Amino acid sequence: MKKNLMLAATLVCGCALLAAETYTFGGSTTVQPIANVAIEKFTASKPNVRISYEGVGSGTGLKQLSEGTLTLAGSSRDLKKSELDAGLVPVAIASDALTVVVNKDVRVANLTKDQLAGIYSGTIVNWNEVGGKDEKIEVVNRDETSGTFGAFKELVLDPKKLAFTKNAIVAKENGEVAAKVASTPGAIGYVGLGFVEEITKAGGKALAIGGIDPSVKTTLDGSYPLSRKLYMVTKGPAKAGSVEKSFIDYVLSARGRVIVKEAGFIPLK
Amino acid sequence: MEAGLERTFLACALVSIASVALMTVFIFRQGLPLFAKVSLPDFLLSIDWFPSRDPNPGYGILSFIVGSVFVTVMSLAISVPVGISTGIFLAEMAGRRFGPFLRAAVELLAGIPSVIYGLFGIAVIVPLVRMIPGGNGYSALSSSIVLAIMVLPTIINMTEVSVRSVPNELREGSLALGATRWQTISGVLVPAARSGIVTGVVLGMGRALGETMAVLLVGGNAPIMPAGPLSMVRTLTMNVITDMAYAEGTHLTALFATAIVLFVFILALNVFIQVALKRAVKESTR
């Protein structure tokens, strides 16, 4: 009797496994926090759908998407022409912006993207080189596994093929950046747009980049230079009724926007 | 009843042995695979730490080994003279009134959580270092000062206890021979108590080497070779904790391998203590 029960149980489980549809998504590690929470909530009401998200980076994710290993890829950069030509279709799901903050004794209110790259690669070391007073620049960087570090690298240093200076204070959290920038004369740091208030409260100030002040508005219209869009990408337009299509729709829905916001990004209007 | 108790106690004793064994196995299992990808010299003797660089990531931890040793030695340079003097003062000179007060203060110092030391470092030590010797304040020197305060209680307590346990005949004999108080302390008491004092210093060294949170907040954490006391520093412990949250793959393995290096350092220190203690016991029974 017991044996029969177990046999029956095994059969039921086996059938359930066979019936489950498995999907592999992947790509940008920046998109991962959004994707992971969205997948969890999205599949909660769909016991037969299993989705995993592999954080392999935007480039690798898009490559695997066109090869068919993934059916949906997250990307934290715009698609290249070759990728668009290969039939990949991006849908913007969120905006991300970095804010550059400085100690209150710094007299500079605006930096160009080139000057910022110079400061973070170590070629500009004094504030008087960018129109400020004669004071050493104390660079505050993030730990290299953080998404904020990766975003700054992609937006500021990578286009000029520069590498971060190692002569920088390394802070583990946005809050630690805030504390160290606010307390160290001549300090410069960067945080996600959502953390600016924390910095200004601690006595620091946010810089304009290329004459544009960071805000939700300048981020959404794309004029702020340190902003970027996050995408979910499919090979060919996502088919109506497919899991990929309904997942993207879920991320763009009111509930998805809450997830985006909680992950520290700006939901699209 | 007796036998049952004995077994219970034995079981409890085995828990700590099992914990040590499990920890050792775990750290080595997680860290050793690194050496399939990175050679041992490239790991221990290179200063190029940049695991997220793509391609050609760098996994050299020499700067952090040097950083750990540098900060520990500097902190001992501060804490050993102060700690030993305080310990001798407590054992020999502090009166009935002041002694207990000082002792309570030292014990309080020992009980303060390390993150508080770190915050104190950011608020007081870092600005002081920035103002007086210069630099940005986040430095090996700031870390050493914070660590020195943290290891003081260990050195003070060990010194006091071992000076106190020097037999009274030695003390009285020295004074009876006409030695001054200073001569008695430097010529009789300290030499007689030396193994205990050394043990205290080595224990303090272990604490300084293993401390994470306090140095993380004041050391600057730049992955560079420290060029001097005012240079920023990253120690082995800081390196493990900085990237632990999100690291994956070879990067994560490299963090565990860093922990192995730290583990070996601490193990060597402990073996040294054991040997020193054994020698001390031999000396005192002779």
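Predicted model: local features only at pLDDT ≥ 70, side-chain atom pairs only at ≥ 80, totals over all residues.
Local features were taken at pLDDT of at least 70 and side-chain atom pairs at pLDDT 80 or more, while totals for chains, interfaces and linings use all residues. Residues are numbered from 1 along each chain as its sequence is written, and chains are lettered from A in the order in which they are written.

**Figure 1. Overall architecture of chain B.** Chain B contains 12 helices and two strands; helices (H or I, at least four residues) and strands (E, at least two) are DSSP runs numbered from the N terminus. Along the sequence, the pattern of chain B reads α-α-β-β-α-α-α-α-α-α-α-α-α-α. The C-alpha atoms of chain B fill a box of roughly 75 × 65 × 35 Å along the principal axes. Of the 286 residues in chain B, 38% are buried; a residue is buried if 20 or more other C-beta atoms lie within 10 Å of its own, exposed if 12 or fewer, and partly exposed in between, with C-beta atoms placed from the backbone. Among contacts in chain B between residues at least 6 apart in sequence, 73% join residues at least 24 apart; two residues are in contact if their C-beta atoms, placed from the backbone, lie within 7 Å.

**Figure 2. Helix 1 of chain B.** This helix covers residues 2–31. At 1.5 Å a residue, its 30 residues should span 44 Å, and the end C-alpha atoms are 44 Å apart, which agrees; the expected span is 1.5 Å times one less than the number of residues. Helix 1 of chain B is hardly covered, with one buried residue among its 30.

**Figure 3. Packing of helix 4 against helix 6 in chain B.** The axes of helix 4 (residues 98–111) of chain B and helix 6 (residues 140–164) of chain B come within 8 Å and cross at roughly 135°. Helix 4 of chain B is therefore oblique to helix 6 of chain B. Axes are lines fitted to C-alpha atoms, for helices over the stretch in contact, and angles run from 0 to 180 degrees between N-to-C directions. Angles under 35 degrees count as roughly parallel, over 145 as roughly antiparallel, 65 to 115 as roughly perpendicular and the rest as oblique. On the side of helix 4 of chain B, V106(B), E107(B), L109(B) and A110(B) meet L152(B), P153(B) and I156(B) of helix 6 of chain B. By class, this contact has six nonpolar, no polar and one charged residues; Ala, Val, Leu, Ile, Met, Phe, Trp, Tyr, Cys and Pro count as nonpolar, Asp, Glu, Lys and Arg as charged, and the others, Gly among them, as polar.

**Figure 4. Packing of helix 7 against helix 8 in chain B.** Helix 7 (residues 168–176) of chain B and helix 8 (residues 181–192) of chain B pack at an angle of about 160°, with axes 10 Å apart. The two helices of chain B are therefore roughly antiparallel to each other. Helix 7 of chain B contributes L170(B), R171(B), S174(B) and L175(B), and helix 8 of chain B contributes T184(B), V188(B), L189(B) and A192(B). The contact of helix 7 with helix 8 of chain B has five nonpolar, two polar and one charged residues.

**Figure 5. Surroundings of V71(B).** V71(B) is found in helix 3 (residues 62–93) of chain B. This residue is buried, with 30 other C-beta atoms within 10 Å. Leaving aside neighbours within four places in sequence, V71(B) contacts A140(B), S143(B), S144(B), L147(B), V215(B), V233(B) and T235(B). V71(B) and V215(B) are 144 residues apart in sequence, and their C-alpha atoms are 9.3 Å apart in space.

**Figure 6. The loop between helix 10 and helix 11 of chain B.** G228(B) is found in this loop, which runs between helix 10 (213–218) and helix 11 (236–243) of chain B. G228(B) is exposed, with 11 other C-beta atoms within 10 Å. N221(B) also lies in the loop between helix 10 and helix 11 of chain B, but N221(B) is buried, with 28 other C-beta atoms within 10 Å. Phi of N221(B) is near 65°, a positive value in a residue other than glycine.

**Figure 7. Contact between chains A and B.** Across this interface, 17 residues of chain B are in contact with 13 residues of chain A. The side of chain B that touches chain A has 10 nonpolar, six polar and one charged residues.
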